[in-house]
Amino acid sequence: MALPTRELVILGAGTAGTMMAWLLLPRLPAGWHVTVVDPSTTHIYQPGLLFVPFGTYSPESIVRERSRTLPPEARWERTAVRTVDHEAKTVHLADGRSLAYDVLISATGCRTVPESTPGLTGAGWNESAFDFYTLEGAVALRDRLRSFSGGRVVVNPVEMPIKCPVAPLEMAFLLDAHFTAQGIRDDVELTFVTPLDGAFTKPVAAAHLGDLLASRDIEVVTDFATGEVEGEPTGGRLISHDGRTVDHNLLVSTPPHRGSAAMDDSGLADELAYVRVDRHTLQSVVHEDVFALGDGTDCPTSKAGSVAHFQAEVLVENVLRHIHGQPVRPDFDGHANGVIETGHDKAILLDFNYEVQPLPGDFPLPGIGPFRLLGENHANHWGKLAFRWIYWNLLLPGKGLPLDHRMLMAGKRGAA
């Protein structure tokens, strides 16, 4: 007798969704089908966007056809999600069709909404004001930097949370190195304007990064909640909600982020459209047959590829346990790690979780490294560049990396 067909639907074919498809397909019980829903025909290696403005990567080198990145055994629906009815266990698609599911995994990521900041996408957009979180913005910034000869350059993350929260800091450091290499650093006033009270959200790392910014003569303006941008093709100014202003000739903005619009009316998400999950199990707090991972969750950890990787290892086991009628396990500890480019072929490595902030030390081997935690070296930088190959060939197709999903204290120095 034929087994009944069961449906597992994955929303989103970015890093998180693609990994889950590859990891789950060989381990699902007989009779289960996997459908991935994503309208985009291309997959972008998002960490590479940071390097496009400086010519380190070409746009072509960070984009692949989605047909090459998804497992061939998965059914791919090339359309957008309109909404999710979790009570009826149905996904409503933009083309009018619907998909029923037995288990749903939301990997919808998050999106930039520059239009939500008054004036940001006005007269100066992509002329004196740019983002680098989209391929279009990164290319436009690259073209502008080629002709920029001096003035005040402002890097501004408008609000939190954002994808890769250290990326605006990296942009400031790389701009410093770029202008130095161009021989015009003395003609550039470089300013980092942040809504935070320091350079980063974790105190030890914030102090270290603040000192490094000061050593590079990068001014830091803190507690600045951008409420409006007045811009024109030759420059403009930021205006905070408390009336302070910061002028610029060139603005590199990280616009506000939101979860997927498809989650707005689903009843599964918070007011910013991030799917609400138990932060340790990654199971929806609304419906037991829904799980989520990656940038589109409300987990209080970094929205970064490393987090999606660590979450995927936990979530695969929890989805399988749920399918087999077993309780899910609270095994995700908020583990995140990431490399902060600091320019001049150097970088800093951070490794932390929900409970432990970034600490100095060696990674992955205590006393050996070769990577330094909370310290600059060349190995960190070259490791970050090498990660592009690792991403396409190992991480994305679920072949695994020699990193535990739990954050380990080995090699770290100092108290939590």
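Strand β18, spanning residues 250–254, is mostly covered in this predicted model, with five of its five residues buried. Buried denotes under 20% relative accessible area with a 1.4 Å probe and protein chains only, and strands are DSSP runs of E of at least two residues, numbered from the N terminus. Leu250, Val252 and Thr254 point one way from β18, while Leu251 and Ser253 point the other way, and all are buried. In a regular strand, side chains alternate between the two faces of the sheet.

Two strands are paired with β18, pairing being assigned if DSSP finds at least two bridges. Strand β11 (residues 129–130) pairs with β18 in the parallel sense over two bridges, and Ala129 stands opposite Leu251. Strand β12 (residues 151–157) also runs parallel to β18, to which five bridges join it; here Pro157 stands opposite Thr254.

The structure holds one cavity of 30 Å³ or more. A cavity is a set of points on a 1 Å grid over the protein atoms alone where a 1.4 Å probe fits but cannot get out, and lining residues have an atom within 4 Å of a point. The largest cavity has a volume of about 40 Å³, taken as the space filled by probe spheres set on the points, which are joined across faces, edges and corners. Its lining includes Gly294, Asp295, Cys299, Lys303 and Gln311. By class, three lining residues are nonpolar, five polar and two charged, with Gly counted as polar.

Residues are numbered from 1 along each chain as its sequence is written. Local features need pLDDT of at least 70 and side-chain atom pairs pLDDT 80 or more, whereas totals for chains, interfaces and linings use all residues, and side-chain values use heavy atoms, without hydrogens and water.

Note on methods: 1 Å grid on protein atoms, 1.4 Å probe; cavity = no way out; pocket = protein on both sides within 12 Å on 5 of 7 lines; lining within 4 Å. Buried < 20%, exposed > 50% of the residue type's maximum accessible area, 1.4 Å probe, protein only. Helix = DSSP H or I, 4+ residues; strand = E, 2+ residues; numbered from the N terminus.
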